[in-house]
Amino acid sequence: MPDSKVLGQNYPRVDAADKVSGRSQYASDIYLPGMLMCKVLQSPKPHARILHIDTSRAQNLPGVRAVITGRDVPDARFGNGAVKDKRLFALDKVRYIG
Amino acid sequence: MPHPVHLTINAEPYTLLVEPYCSLLDMLRDELQLTGTKKGCDEGDCGACTVLMNGKTVTSCMVLAMDARDQDITTVEGLRQGNTLHPVQAAFVQYGGVQCGFCTPGLIMSGVGLLLENQQPTEEEVRFAIGGNLCRCTGYSKVVQAILKAAETMQAQTS
């Protein structure tokens, strides 16, 4: 087999030096000025109608910039593959815990 | 209510204000942006948050920042000297001990901590020393090999 610069050679990973130095940025390592942090409320019920979501206590907490529910983005859908119409946030009904 | 904490991190003195419930991990990552140390489980099980406190490995998510007062902390960022990697870091690169890399800082700190106490570990001793570090990618064998090779390199350097 002819000599190759690539085949059969030992190459260190191109990003290994950064990873072993702690320099690689993973998603939770990114800090941007003015960055907001969000917290997701997941449904505690496996199958239930959403009658009303009272966001007043959350909105009144100091530092809270926004509280978003399904009502705010009723038409937002996402998905790929077989299912293309998943809702961003549950609207009217929850179908599983989480 | 925030309290002052004075400590040494990677040979630099720091004085910070932290809440009493703040973990050393959160202080390193959020207050100092030393994000090399990772938060995996935040409950002392995965080892991704491993740092050295006075030369001993600790899971920093389980150490209160205030309990690190006056202590000497080494994180993964403190190992590299300019462009020169620590022998354990270099061995991880050379021997393929890194894949996604998320557990890597913790594994490296465990390796460094072991070699501070035991310069000629057996394979079994290496495996025991990294027993608190979970890795989903590598299957550990190249990590163990890297730490053993690093031990050889460091022995050769001192003799």
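**Pockets and sheet in a predicted model**

The second largest pocket in this predicted model is lined by 14 residues, with Val93(B), Gln94(B), Tyr95(B), Gly96(B) and Lys142(B) nearest its centre.

Student: Which element gives the largest share of the lining of the second largest pocket?
Tutor: The lining holds 14 residues. By class they are six nonpolar, six polar and two charged. Three residues, the largest share, come from helix 2 (residues 87-94) of chain B.

Student: What is the volume of the largest pocket?
Tutor: Its lining has 37 residues. These divide into 21 nonpolar, seven polar and nine charged. Nearest the centre lie Val40(A), Leu41(A), Gln42(A), Ile68(A) and Phe89(A). The volume of the largest pocket is about 1,600 Å³.

Student: Why is one side of strand 2 and of strand 4 of chain B left without a neighbour in the sheet?
Tutor: The sheet is open, with five strands in the order 2-1-5-3-4 and mixed pairing. Strand 2 (12-18) and strand 4 (56-59) of chain B each have a single partner strand, so one side of each lacks a neighbour: both stand at the edges.

Student: What is the bridge partner of Val5(B) in strand 2 of chain B?
Tutor: Strand 1 (residues 3-9) and strand 2 of chain B run antiparallel, joined by seven bridges. In strand 2, Val5(B) is partnered by Leu16(B).

Student: What angle does the direction of helix 3 of chain B make with that of strand 3 of chain B?
Tutor: Helix 3 (residues 104-117) packs on the sheet. This helix touches strand 3, strand 4 and strand 5 of chain B. Its direction makes an angle with that of strand 3 of about 35°.

Definitions and conventions. Residues numbered from 1 in each chain as written. Chains lettered and ligands numbered in written order. Predicted model: local features only at pLDDT ≥ 70, side-chain atom pairs only at ≥ 80, totals over all residues. Heavy atoms only, no water. 1 Å grid on protein atoms, 1.4 Å probe; cavity = no way out; pocket = protein on both sides within 12 Å on 5 of 7 lines; lining within 4 Å. Points joined across faces, edges and corners; volume = space filled by probe spheres on them. Nonpolar A, V, L, I, M, F, W, Y, C, P; charged D, E, K, R; others polar. Helix = DSSP H or I, 4+ residues; strand = E, 2+ residues; numbered from the N terminus. Pairing = 2+ DSSP bridges. Contact = heavy atoms within 4.5 Å. Axes fitted to C-alpha atoms, helices over the stretch in contact; angles between N-to-C directions.
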